[in-house]
Amino acid sequence: MKPNPFFEGLYVPLVTPFTDDLRLAPDALARLADETLSADASGLVALGTTAESATLTAEEKQTVVRICSAACQAHGAPLIVGVGTNDTATAIKSLRELAATGDVAAALVPAPPYIRPGEAGTLAHFTALAEHGGIPLIVYDIPYRTGQTLSIDTIAALSRLPGVVGIKHATGAIDATTVELLGCPPPGFAVLGGDDVVISPLVAAGAHGGIIASANVRTADYAELISLWRRGSGEPARRLGAELARFSAALFAEPNPTVIKGVLHAQERIPSPAVRMPLLAAAASTVRRAALLAGSRAPSTDPAPRASSPTRPRSSPRTASNGSSGY
Ligand SMILES: O=C(O)C1=N[C@H](C(=O)O)C[C@H](O)C1
């Protein structure tokens, strides 16, 4: 039985680059994956919301996972893959297929979207996935997209399920549940922030890292922010955190990932800013504003040398129930 992975540091949910006529651009994705991991990301997330995964065909999804997996293997980094469905049986099937590839460290799975099965139903859903999916799970807690809130008691119950290794906490704010969760985090259970604008205070309060779409652009700066907080350099972390919050707000001024794609295109890192419907390309003025902030970096007065990334996942003492791939 492999030990469970423990996720900390910066995980970047990559955009899916398209051509102007909306075909997948695999070379651009491979380049982006390599650049992101070279810029100190701890790992990648394939098929997140930011990847427009709802609009990808099954074949495109396989291509995206294959490209991201190759980049992660080349860099010795973990790959997390998003699996979003509100049908428990289908989710188990997808997880088993991912597990069979053998090179995915964990699946990022939202509470079942749209159905609002209640907290007991959500717990039963994850219990079934943990038992039958064959791969470590990170719970994606994002009530403003799923319609399902999770209380601290339900999160605690989820954390006790064997094979559930963490949570992407994206409740839109730092709220009472966040404070409870970070005040007494379950052992071996990673808390990763998922709201870009508040990632700095969340890591300051004890989160182990984040899954941050904005880091498609300023990867090294988001990695540095997490590293600064985790080594206790509060003053430069606060300053960088405020600067990056302004940047993230500019990137999220229109639906994600339209502005991020606009900026990556302006930087000539992807061939087109194109997004698939129902998303519409961001306004040029919005992209210009975010692109202006993409290059800036307030000088740091932190005299300490930049820490080498402490962020590749380590093994936790907990073990997967199912012998699934651990990192
Ligand atoms: O794709 C993701 O994972 C993320 N998606 C969020 C969203 O678009 O709602 C944002 C977050 O930064 C990462």
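Here are some questions and answers about a predicted model, looking at its helix contacts, its ligand shell and a few backbone details.

Q: Why is α3 called roughly parallel to α4?
A: The axes of helix α3 (residues 88–101) and helix α4 (residues 118–132) cross at roughly 30° and come within 10 Å. Angles under 35 degrees count as roughly parallel, so α3 is roughly parallel to α4.

Q: Which residues make α3 and α4 meet, and how do they divide by class?
A: From α3 come T88, A91, I92 and L95, and they meet H125, A128, L129 and H132 in α4. The residues of this contact of α3 with α4 divide into five nonpolar, three polar and no charged. The crossing in which α3 passes α4 is right-handed.

Q: What angle do α9 and α10 make, and what is the hand of their crossing?
A: Helix α9 (residues 219–230) packs against helix α10 (residues 234–251) at an angle of about 145°, and their axes are 9 Å apart. This crossing is left-handed. On the α9 side the contact is made by D221, Y222, E224, L225, L228 and W229, and on the α10 side by P236, A237, L240, G241 and L244.

Q: What makes two of the residues in the contact of α9 with α10 charged?
A: The contact has eight nonpolar, one polar and two charged residues. Asp and Glu count as charged, and the α9 side includes D221 and E224.

Q: Where do α11 and α12 touch, and which classes of residue are found there?
A: The axes of helix α11 (residues 258–266) and helix α12 (residues 284–294) come within 9 Å and cross at roughly 65°. Their crossing is right-handed. V259, G262, V263 and A266 of α11 make the contact with T286, V287, A290, A291 and A294 of α12. By class, that gives seven nonpolar, two polar and no charged residues. Gly is among those that count as polar, and G262 belongs to this contact.

Q: Which residues surround the ligand?
A: Around the ligand are P13, V45, G48, T49, T50, G194, D196, I211, I212, A213 and N256. This shell divides into five nonpolar, five polar and one charged. Asp counts as charged, and D196 is one of the residues of the shell.

Q: How do you know that the "binding site" residues cluster in space?
A: An unreviewed UniProt entry lists T50 and I211 for "binding site". They are spread over 162 residues of sequence, but the largest C-alpha distance is 10.6 Å. T50 lies in the loop between β3 (43–46) and α2 (58–75).

Q: What is the omega of each cis peptide bond here?
A: N256 and P257 are joined by a cis peptide bond with omega of about 5°, and P257 sits in the loop between α10 and α11. The bond from M277 to P278 is cis too, with omega near 20°, and P278 sits in the loop between α11 and α12.

How values were computed. Residues are numbered from 1 along each chain as its sequence is written. This is a predicted model: local features need pLDDT of at least 70, side-chain atom pairs count only at pLDDT 80 or more; totals for chains, interfaces and linings use all residues. Axes are lines fitted to C-alpha atoms, for helices over the stretch in contact, and angles run from 0 to 180 degrees between N-to-C directions. Helices (H or I, at least four residues) and strands (E, at least two) are DSSP runs, numbered from the N terminus. Angles under 35 degrees count as roughly parallel, over 145 as roughly antiparallel, 65 to 115 as roughly perpendicular and the rest as oblique. A crossing is left-handed if the near helix is turned anticlockwise from the far one by less than a right angle, and right-handed if clockwise. Two residues are in contact if their C-beta atoms, placed from the backbone, lie within 7 Å. A residue is near a molecule or strand if its C-beta atom, placed from the backbone, lies within 6 Å of it. UniProt positions are given in the numbering used here, feature names are shortened, and annotations may be inferred rather than shown by experiment.
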